[in-house]
Amino acid sequence: MSRTDTPDPVTWTLSGFGDEIGPDPEMQFAVLQALGARHVEVRGAWGTNVVDLTDEQVDSLAAALERWGMGVSAIASPIGKVSIVGDPEDEARRLARAITVAHRLGARYIRMFSFYRPDGMSAQDVRDPVLKHISVLARSAEREGVVLVHENEKDIYGDIPERVLDLIESVGSDALRVAWDSANFVQVGVAPFTDGYAMLRPHLEYLQVKDALAATGEVVPAGEGDGELLQTLTALRDDGYTGFASLEPHLALGHTLGGFSGPALFGRAARAFTGLLDTIGVATA
């Protein structure tokens, strides 16, 4: 489709995982602003995960955000990125902390996951406890006026589109929505747009931006892998999506608790993504 054939122009809000750039929030904000972003997704600062920041650190982060004129697209919490056989009260406590931080930093969204399943246990084996625990978390989010966005991740319950849909529909809360991650779908053998977009689009409220190669699982810049990014982004444009697009490049390092790119590779990822958007006539702000 050529630019002249597109519907009315749309603008998406560009954000990114600050700690993928470096541990210092000042560096995070400087790089993000240089790339045209005025929002940050907060997963960590000063080498500390967001749910473990002290009140004083959160206050310092809030002050830095105000100085730089930055908003927070989401709190990238690790909620639910633990085994389902753990103590559910631990996740309830971590969510309470994430909510406190979200309120302090002016964030509406909190990223979360749907629990790892132990070796030897199938997804069906853990379905009931997963739904029970996430229902409790969703009710807390409802009471506090925040929205949990579930990120699909390999080896958790909601790793493939069918189980993500089951999770969202079974919990049945307006405070539980989908954070779409194409690379993570590729890493579990899913063709994201072909296999999952139509199924999950009614629940999709947040976009995590990364791509991956199906043959190796290696994470690559947007459009350079098998994540069907161009098809997905075009469909989102045509559907009227106007939300956040958050860069999570993982180009230098990826592990279970996050990833790292550094300023240069983060910039490469941002340029690859905005290049795709340019071809479909979507602007960023």
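Helix α7 (residues 192-200) lies across β8 (176-181) and β9 (204-209), at about 160° to β8. Angles run from 0 to 180 degrees between N-to-C directions, and axes are lines fitted to C-alpha atoms, for helices over the stretch in contact. Helices (H or I, at least four residues) and strands (E, at least two) are DSSP runs, numbered from the N terminus.

This is a predicted model, where local features need pLDDT of at least 70, side-chain atom pairs count only at pLDDT 80 or more, and totals for chains, interfaces and linings use all residues. Residues are numbered from 1 along each chain as its sequence is written, and side-chain values use heavy atoms, with hydrogens and water left out.

**The sheet**

- An open sheet of 9 strands has the order β2-β5-β6-β7-β8-β9-β12-β1-β15, with parallel pairing. Two strands pair if DSSP finds at least two bridges between them.
- β2 (39-42) and β15 (282-284) are the edge strands, and each pairs on one side only.
- On average, neighbouring strands of this sheet are turned by 30° against each other, direction ignored.
- β1 (residues 10-16) and β12 (residues 244-247) pair in the parallel sense over 4 bridges. Here L14 stands opposite A245 in β12.

**Strand β7**

- Strand β6 (residues 109-112) runs parallel to β7, and 4 bridges join them. Y109 has V147 of β7 as its bridge partner.
- β7 (residues 147-151) is largely enclosed by the rest of the structure, because 5 of its 5 residues are buried. Buried means under 20% relative accessible area, exposed over 50%, and partly exposed in between (1.4 Å probe, protein chains only).
- V147, V149 and E151 point one way from β7, while L148 and H150 point the other way.
- In a regular strand the side chains alternate between the two faces of the sheet.

**Helix α5**

- In α5 (residues 161-171), the buried residues are P161, V164, L165, D166, L167, I168 and V171.
- Their cover includes α4 (123-144), β7, β8, α6 (182-186) and α7.
- G172 follows α5 and has a positive phi, near 60°.

**Helices α8 and α9**

- The axes of α8 (residues 229-239) and α9 (residues 262-280) come within 10 Å and cross at roughly 55°.
- That makes α8 oblique to α9. Angles under 35 degrees count as roughly parallel, over 145 as roughly antiparallel, 65 to 115 as roughly perpendicular and the rest as oblique.
- L229, L230, L233, T234 and R237 of α8 make the contact with F273, L276, L277, T279 and I280 of α9. Contact means heavy atoms within 4.5 Å.
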